[in-house]
Amino acid sequence: MITTELLVLSQTCTPLMSDKWLIPLQFTCEKFEINTPNRVAGFLAQIGHESGGFRYTSENLNYRAEALTRLWPTRFPPGIAESYAMQPEKIASRAYADRMGNGDEASGDGWLYRGRGLIQLTGKNNYAAFSLSADNEALVKPDLVAEPELAALSAGWFWAENGLNELADDKDIVGMTKRINGGINGLDDRQMRYSRLISCL
């Protein structure tokens, strides 16, 4: 169901990007039964938004002090934030320390298991669950999740784990967005992407 023509005509990604992503997306959709027009449109619209049109597969953590305090007020209060600003590895190690299965800040797990993939897989527990469930090396080689094969597969795994096919069957774009994002950030773009895709399927 996913073709180069679909990806390009729906403006999901550029012709060059479609060559890179076509096979990983086809494999992922087959594996996780993303196999109807509503499911395909929902999946591609959501991951297209999350990845900026398939351009970004690794979390950008290059924040200024003010942004750190706004995003993680308890982890980066004023006075602390300044010493971490614009240092992505240090930021991730502190922001994600002691949660999601990660060790403390000194362990570096926050950086090692930072968000990667078309739907940002984050935290050691999630890398471990994905690795075990989908039989891959994500836990021991987390950088692979930023590459097309596992970037797409991890998004499909998240999609299946969170019952998103059912929401896609109901054309529930708001519900899909909340389950992925925790809110409705970027809802207009997600809806626009969905409309373009469904018209091409």
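## Leu22 and helix 2

Leu22 counts as buried, at 16% relative accessibility. Its place in this predicted model is helix 2, which covers residues 15-31. Once neighbours within four places in sequence are left aside, Leu22 is in contact with Ile2, Thr3, Thr4 and Leu7.

Gly79 lies 57 residues from Leu22 in sequence, and the C-alpha atoms of the two are 47 Å apart in space.

## Overall fold

The chain has eleven helices and zero strands. Read from the N terminus, the order of elements is α-α-α-α-α-α-α-α-α-α-α. The radius of gyration of the chain is 17 Å, close to the 17 Å given by the globule rule for 201 residues, so the chain is as compact as a globular protein of that length. Along the principal axes, the C-alpha atoms fill a box of roughly 50 × 35 × 30 Å.

Among contacts in the chain with a separation of 6 or more, 52% are between residues 24 or more positions apart. Buried residues make up 48% of the 201 in the chain.

## Surface and charge

The accessible surface of the chain is about 9,800 Å². Carbon and sulfur atoms account for 51% of that surface.

The chain carries 20 positive and 25 negative charges. The mean position of the positive charges and that of the negative charges are 5 Å apart.

## The loop between helix 3 and helix 4

Two residues described here, Ser51 and Leu61, sit in the loop between helix 3 and helix 4. Ser51 is buried, with a relative accessible area of 0%. Not counting residues up to four places away in sequence, Ser51 touches Tyr56 and Leu118.

Leu61 also counts as buried, at 1% relative accessibility. Beyond residues up to four places away in sequence, Leu61 touches Trp72, Pro88, Ile91, Ala92, Tyr96, Trp111 and Arg114. Ile23 is 38 residues from Leu61 in sequence, with 29 Å between the C-alpha atoms of the two.

## Helix 10 and its partners

Helix 10 spans residues 173-181. The buried residues of this helix are Ile173, Gly175, Met176, Thr177 and Ile180. What do the buried residues of helix 10 pack against? They pack against helix 3 (37-50), helix 8 (148-161), helix 9 (164-169) and helix 11 (187-200).

Gly182 follows helix 10 and has a positive phi, near 85°.

Most residues other than glycine have a negative phi. Met86 has a positive phi of about 65° although it is not a glycine. Met86 is found in the loop between helix 4 and helix 5 (88-95), and is partly exposed, with a relative accessible area of 39%.

Asp98 is likewise not a glycine, and its phi is positive, at about 60°. The place of Asp98 is in the loop between helix 5 and helix 6 (109-112). Is Asp98 buried or exposed? Asp98 is exposed, with a relative accessible area of 57%.

## Cysteines

A disulfide is a covalent bond between the sulfur atoms of two cysteines. With a cut-off of 2.5 Å between cysteine sulfur atoms, the count of disulfides is zero. Cys29 is in no disulfide, because the nearest cysteine sulfur, that of Cys13, is 13 Å away, whereas a disulfide needs the two sulfur atoms within 2.5 Å. Cys29 counts as buried, at 5% relative accessibility.

Cys200 is in no disulfide either; the nearest cysteine sulfur to it is that of Cys13, 12 Å away. Cys200 is partly exposed, with a relative accessible area of 36%.

Methods: Residues are numbered from 1 along each chain as its sequence is written. This is a predicted model: local features need pLDDT of at least 70, side-chain atom pairs count only at pLDDT 80 or more; totals for chains, interfaces and linings use all residues. Side-chain values use heavy atoms; hydrogens and water are left out. Helices (H or I, at least four residues) and strands (E, at least two) are DSSP runs, numbered from the N terminus. The radius of gyration is taken over C-alpha atoms; the globule rule is 2.2 Å times the number of residues to the power 0.38. Buried means under 20% relative accessible area, exposed over 50%, partly exposed in between (1.4 Å probe, protein chains only). Contact means heavy atoms within 4.5 Å. Accessible areas come from the Shrake-Rupley method with a 1.4 Å probe; for residues, only the protein chains shown count as cover. Lys and Arg count as positive and Asp and Glu as negative; His and the chain ends are not counted. The place of a charge is taken as NZ of Lys, CZ of Arg, CG of Asp or CD of Glu.
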